[in-house]
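The sequence and the model come first.

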Amino acid sequence: MTPYMWAAGVSGDVGHGDRTLAHLDYDFSKIINTLNFTAMGMAEARYGRFSLSSDLVYLRITDHVAMSRIGLARSRVGVGMLQWTPLAGYAIFDDGRSRLELVAGARVWSVKTLIGAELVRFGDREAQRTKTWVDAVGGVRGQAFLTDSLFLSGWALAGGGGSDYMWDVMGGVGYRFNPMFSASLGYRAQQVKFRQSGFLFDVAVHGPIASVQVAF
């Protein structure tokens with residue numbers, strides 16, 4: 001079990017139709033001020049060379065942003081993003097200290113965007129839309145011990161299907177205190193581009209990540 005904290009920034013574009021487009025550009029310090037709720041965690045089960053894992057990320061932010069269309073005086077945008085990634089893996093290398101896995105599965109996205117604007121001529125307008133889609137995902141994941149306690153870990157995933165494309169990479173260094181407890185620090189970045197029926201979600205999420213691992 002791996003609860004973690006991802007100190008992520010968010011950048012990119014969200015939009016409804018051709019006339020409403022909002023640009024997001026938040027580092028983590030601004031995310032803290034606009035964050036409504038977040039939850040993150042990962043679980044993994046292994047049997048020999050085989051593994052099953054599940055990663056869940058949810059965040060919801062609301063803020064005032066700049067709009068790119070003429071005739072807008074002020075604007076407000078809200079984004080709620082849920083992603084769940086179940087993966088199956090097989091270790092192509094495992095010597096008891098280091099492990100390299102091929103993984104494949106899916107990433108389920110559910111994204112809700114709210115865009116409100118004060119139009120110069122027509123007053124306040126607000127619209128919200130929700131889209132849910134599934135991407136096929138594949139890649140590699142690994143862990144390598146440099147000493148009996150110090151290790152490196154990471155993954156590289158990519159896919160698409162529901163979205164035009166998505167990718168997700170992470171690299172970090174960790175320390176195993178005993179066979180049950182470990183902690184790690186690293187950096188994670190991901191991007192997804194989804195466009196359908198006038199709904200645009202083209203967003204990158206990136207930043208430091210800290211986790212605690214509990215092994216049974």
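## Conventions

A salt bridge is taken here as a side-chain nitrogen of Lys or Arg within 4 Å of a carboxyl oxygen of Asp or Glu. The structure is a predicted model, in which local features need pLDDT of at least 70, side-chain atom pairs count only at pLDDT 80 or more, and totals for chains, interfaces and linings use all residues. Residues are numbered from 1 along each chain as its sequence is written, and side-chain values use heavy atoms, with hydrogens and water left out.

## Overall fold

The protein has 1 helix and 12 strands, where helices (H or I, at least four residues) and strands (E, at least two) are DSSP runs numbered from the N terminus. Along the sequence the order is β-β-β-α-β-β-β-β-β-β-β-β-β. Of the contacts (heavy atoms within 4.5 Å) with a separation of 6 or more, 60% are between residues 24 or more positions apart.

Buried residues make up 42% of the 216 residues; buried means under 20% relative accessible area, exposed over 50%, and partly exposed in between (1.4 Å probe, protein chains only). The exposed surface comes to about 11300 Å², of which carbon and sulfur atoms supply 61%. Accessible areas come from the Shrake-Rupley method with a 1.4 Å probe, and for residues only the protein chains shown count as cover.

## Salt bridges

The count comes to 9 salt bridges. One of them joins Glu101 and Arg141, with the closest N and O atoms 3.1 Å apart. Glu101 lies in strand E7 and Arg141 in strand E8, so this bridge ties together parts that are 40 residues apart in sequence. Both Glu101 and Arg141 are buried. They also belong to a network of salt bridges that links them with Glu44, Arg46, Asp94 and Arg99.

A second pair is Arg188 and Asp168, at 2.8 Å between the closest N and O atoms. Arg188 is in strand E11 and Asp168 in strand E10 (residues 165-176), 20 residues apart, and both are buried. Another bridge, Arg97 to Asp148, spans 3.2 Å from N to O. Its partners sit in loops 51 residues apart: Arg97 between strand E6 (72-94) and strand E7 (98-119), Asp148 between E8 and strand E9 (150-161). Arg97 is partly exposed, with a relative accessible area of 38%, and Asp148 is exposed at 58%.

Asp135, in strand E8 (residues 123-145), is buried yet has no salt bridge, and the nearest side chain of opposite charge, Arg107, is 7.0 Å away. For charge, Lys and Arg count as positive and Asp and Glu as negative, while His and the chain ends are not counted. The Asp135 side chain does make a polar contact with the side chain of Trp109 at 3.0 Å, and reaches the backbone nitrogen of Gly162 at 3.0 Å. A polar contact is a pair of N or O atoms within 3.5 Å; within protein, one must be able to donate a hydrogen and the other to accept it, and residues adjacent in sequence count only if both atoms are side-chain atoms.

Gln190 lies in strand E11 and is buried, with a relative accessible area of 2%. Its side chain has polar contacts with the side chains of Gln83 (2.6 Å) and Asp168 (3.1 Å). Beyond four places in sequence, the residues that Gln190 touches include Trp6, Arg107, Trp109 and Val203.

## Nonpolar core

A nonpolar core is a set of buried Ala, Val, Leu, Ile, Met, Phe, Trp, Tyr and Cys residues joined through side-chain atoms within 4.5 Å. The largest one has 34 residues, among which Val14, Leu24, Val77 and Phe201 touch the most other members. Strand E12 (residues 199-214) gives the largest share of this core, 5 residues.

## Two further positions

Val140 lies in strand E8 and is partly exposed at 35% relative accessible area. Its C-alpha atom is 5.7 Å from that of Val103, 37 residues away along the chain.

Ser197 is in the loop between strand E11 (181-196) and E12. This residue has a positive phi of about 50 degrees although it is not a glycine. Ser197 is exposed, with a relative accessible area of 60%.
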